[in-house]
Amino acid sequence: MSGLHGLPARQRERESPVADPVPYRPNGSTAIAAGLFGLIAAVTSGYLPARLFLDIPSGFSLGDLSPLTLADLAAYLGASLLLLIGAIATFFRATAGAVLLIAGALLALGALLLEPALGGSPAYVEYFRTLLRFESFAALDRVALTAAVLLVLVLAGLPRTFGYLRYRVPAVPASSPSRQW
């Protein structure tokens, strides 16, 4: 089609009758729940070493403990630190937060499973039977740690959590481009 002077006529841009679809925005409920359970697991994981350090009698040193016991205490402290940093990073929507939560949860589970072996022969059945009697606060702490860590592993490992943490809001230009007619 040509215009007045034989030049091609410009066609008007029509507004599409179908509106642009609203971009999919993932739900962050699993990431937030993983962060909250990560905080609970960080506190419960840090309880045992903190309590042990506070209750050290005079004349006793950490050097008197067996290397396996020291490794277990270091695993609890490391798990607590990883879980705390991972939970905070998850609240700030960093993908590394979920990875740190998973690493901290695995380290805490490793510390929990190493603890029965500290006495020589691993008596896992008796250890968990003692924990489930809830006779002391330490037993309650370990059961709460186990539950929180398992929830963190499940929630932080979900694809929905990673989808929320990786999602970035599309940038919208500050002003719309002017049309030249």
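This is a predicted model: local features need pLDDT of at least 70, side-chain atom pairs count only at pLDDT 80 or more; totals for chains, interfaces and linings use all residues.
Residues are numbered from 1 along each chain as its sequence is written. Local features need pLDDT of at least 70 and side-chain atom pairs count only at pLDDT 80 or more, while totals for chains, interfaces and linings use all residues, and side-chain values use heavy atoms, with hydrogens and water left out.

**Exercise 1. Overall make-up**

State how many helices and strands the protein has, and what share of its residues is buried.

Solution. 
- Step 1. The protein has 6 helices and 0 strands, where helices (H or I, at least four residues) and strands (E, at least two) are DSSP runs numbered from the N terminus. The pattern along the sequence is α-α-α-α-α-α.
- Step 2. Of the 181 residues, 30% count as buried. Buried means under 20% relative accessible area, exposed means over 50%, and partly exposed lies in between (1.4 Å probe, protein chains only).
- Step 3. Among contacts (heavy atoms within 4.5 Å) with a separation of 6 or more, 73% join residues 24 or more positions apart.

**Exercise 2. Helix α3**

Find the span of α3, and explain where its buried residues lie around the axis.

Solution. 
- Step 1. Helix α3 has 20 residues and reaches 29 Å from its first C-alpha to its last, close to the 28 Å expected at 1.5 Å a residue. The expected span is 1.5 Å times one less than the number of residues.
- Step 2. Its buried residues are Gly97, Ala98, Leu101, Gly104, Ala105, Ala108, Leu109, Ala111 and Leu112.
- Step 3. Viewed down the axis of α3, these buried residues fall within an arc of 160°, so they line one face of the helix. The arc is taken from the directions from the helix axis to the C-beta atoms.
- Step 4. An α-helix has 3.6 residues a turn, so residues three or four places apart point the same way.
- Step 5. The cover over the buried residues of α3 includes α1, α2, α4 (124-131), α5 and α6.

**Exercise 3. The contact of α3 with α6**

Describe how α3 and α6 pack, and name the residues that meet.

Solution. 
- Step 1. Helix α3 (residues 95-114) and helix α6 (residues 159-166) pack at about 145°, with axes 8 Å apart. Axes are lines fitted to C-alpha atoms, for helices over the stretch in contact, and angles run from 0 to 180 degrees between N-to-C directions.
- Step 2. From α3, Thr95, Ala98, Val99 and Ile102 meet Phe162, Leu165 and Arg166 of α6.
- Step 3. These residues divide into 5 nonpolar, 1 polar and 1 charged.

Methods:
Ala, Val, Leu, Ile, Met, Phe, Trp, Tyr, Cys and Pro count as nonpolar, Asp, Glu, Lys and Arg as charged, and the others, Gly among them, as polar.
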